[in-house]
Amino acid sequence: MREKSFYNAMFWYHIFVVWYRYQFPMISEEDRTFAGRWKYLTHWNAMLQIAYYLCCGLAANYNLMEKWEPVRDQAFYIIILPLSVFVSTMFWGLYLYDRDLVFPAHLDKVVTPFFNHQKHSAVVLWTFLEAAVVHHRKPGHFEGHFVAGLFCATYLAVVLWVHLAGGVWAYPILGLLNWGGKAAFSGISIAVYFQMSAPPPPPYGQAGAAPPPANYPPANYPPANYPPPGAYPPPQAPVVVVAAQPAYFGRYPINMTCNNCQAQIQTAVHYETGVLTWILCAVLFFVTGFCCFIPFLIDACKDAIHKCPSCQAFVGRKDALS
Ligand SMILES: [Zn+2]
């Protein structure tokens, strides 16, 4: 229900953005040069986000969510979320350093503040809200990197093509750097983008997962204070000891034998505020002053707690920091 309301709000908001854009065409000198707006990553991001939320809104209202969900989750984690974070941090980072590199002062007369913030700030807000409100399945490691790589290569090819065919650089900064500088700038940008879009490796035990590392299980497993005192009822009769296979806990549910009730289970995972959450909160507080609540909304910043769904006993955890 929360999901449907969110997508409806996003749907109408983005209809408004499209309408707004037609009311105020906001065509700058740069937009009249070769390839128009399509040479800007910001424009790609804005268009992709509009298309994405229009699809989500339609899927939520026409009972198509089941079919759309697998595409949505891939699109969200590989493109929509990392791309908007990338566009926003690059834009505001460069803007604070020297606005002439990304948004020269004469654009203030052309682009309205609302539209500027929609393209460079709000895009991130919507994706963070979505990460908080909607549960997504993270894509596999390989497909994540493959699609992200394809996306980077496509955009890089467009930037080069615009320069070779039209004689303009999409970003003034590219014109200022020599070829080594351009390569370094693109390389760093792609590395940052990959870092943000890189999905976690698949949990151990699933198809395609790597074998457990050699130093596994760790020497201190199971911890001495486990199971927690009081978790077992006092034994009434001799207990048959079942040699449970040590389990490796990742961020996702795993199949195992419950140490407490001996049932074959798939663990139930929930996320709790951990050390990483607070570190990110502190960093964001000092950098932005107000976005410090965001890590508390995003599961990836928290510790994963595994419980047995049948007896509710705690069976393991994965710290976000480890
Ligand atoms: Zn159990």
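I80 touches L48, Q49, Y52, A75 and T127, leaving aside residues up to four places away in sequence; a contact here requires C-beta atoms, placed from the backbone, to lie within 7 Å. The structure is a predicted model, in which local features need pLDDT of at least 70 and side-chain atom pairs count only at pLDDT 80 or more, while totals for chains, interfaces and linings use all residues. Residues are numbered from 1 along each chain as its sequence is written.

**Nonpolar cores**
- I80 is, with M10 and C56, among the residues with the most contacts inside the largest nonpolar core, which has 30 residues.
- Such a core is a set of buried Ala, Val, Leu, Ile, Met, Phe, Trp, Tyr and Cys residues joined through C-beta atoms within 7 Å; a residue is buried if 20 or more other C-beta atoms lie within 10 Å of its own, exposed if 12 or fewer, and partly exposed in between.
- Two or more residues of this core come from each of α1 (2–23), α3, α4, α5 (113–133) and α6 (141–166).
- The largest contribution to this core, 10 residues, is that of α4.
- Apart from this core lies another of 7 residues, including I254, M256, I265 and V315.

**Helices α3 and α4**
- Helices are DSSP runs of H or I with at least four residues, strands are runs of E with at least two, and both are numbered from the N terminus.
- The axes of α3 (residues 41–61) and α4 (residues 65–98) come within 10 Å and cross at roughly 150°.
- The two helices, α3 and α4, are therefore roughly antiparallel, a term for angles over 145 degrees.
- Residues of α3 in the contact include L48, Y52 and C56, and those of α4 include A75, I80 and L83.
- By class, the residues of this contact between α3 and α4 are 15 nonpolar, 4 polar and 1 charged.

**Helices α4 and α6**
- The axes of α4 and α6 are 10 Å apart, and the helices pack at an angle of about 55°.

**Strand β1**
- N255 lies in strand β1 (residues 255–257).
- N255 is exposed, because 11 other C-beta atoms lie within 10 Å.
- N255 and T267 are separated by 12 residues in sequence and by 6.5 Å in space, C-alpha to C-alpha.

Definitions and conventions:
Axes are lines fitted to C-alpha atoms, for helices over the stretch in contact, and angles run from 0 to 180 degrees between N-to-C directions. Angles under 35 degrees count as roughly parallel, over 145 as roughly antiparallel, 65 to 115 as roughly perpendicular and the rest as oblique. Two residues are in contact if their C-beta atoms, placed from the backbone, lie within 7 Å. Ala, Val, Leu, Ile, Met, Phe, Trp, Tyr, Cys and Pro count as nonpolar, Asp, Glu, Lys and Arg as charged, and the others, Gly among them, as polar.
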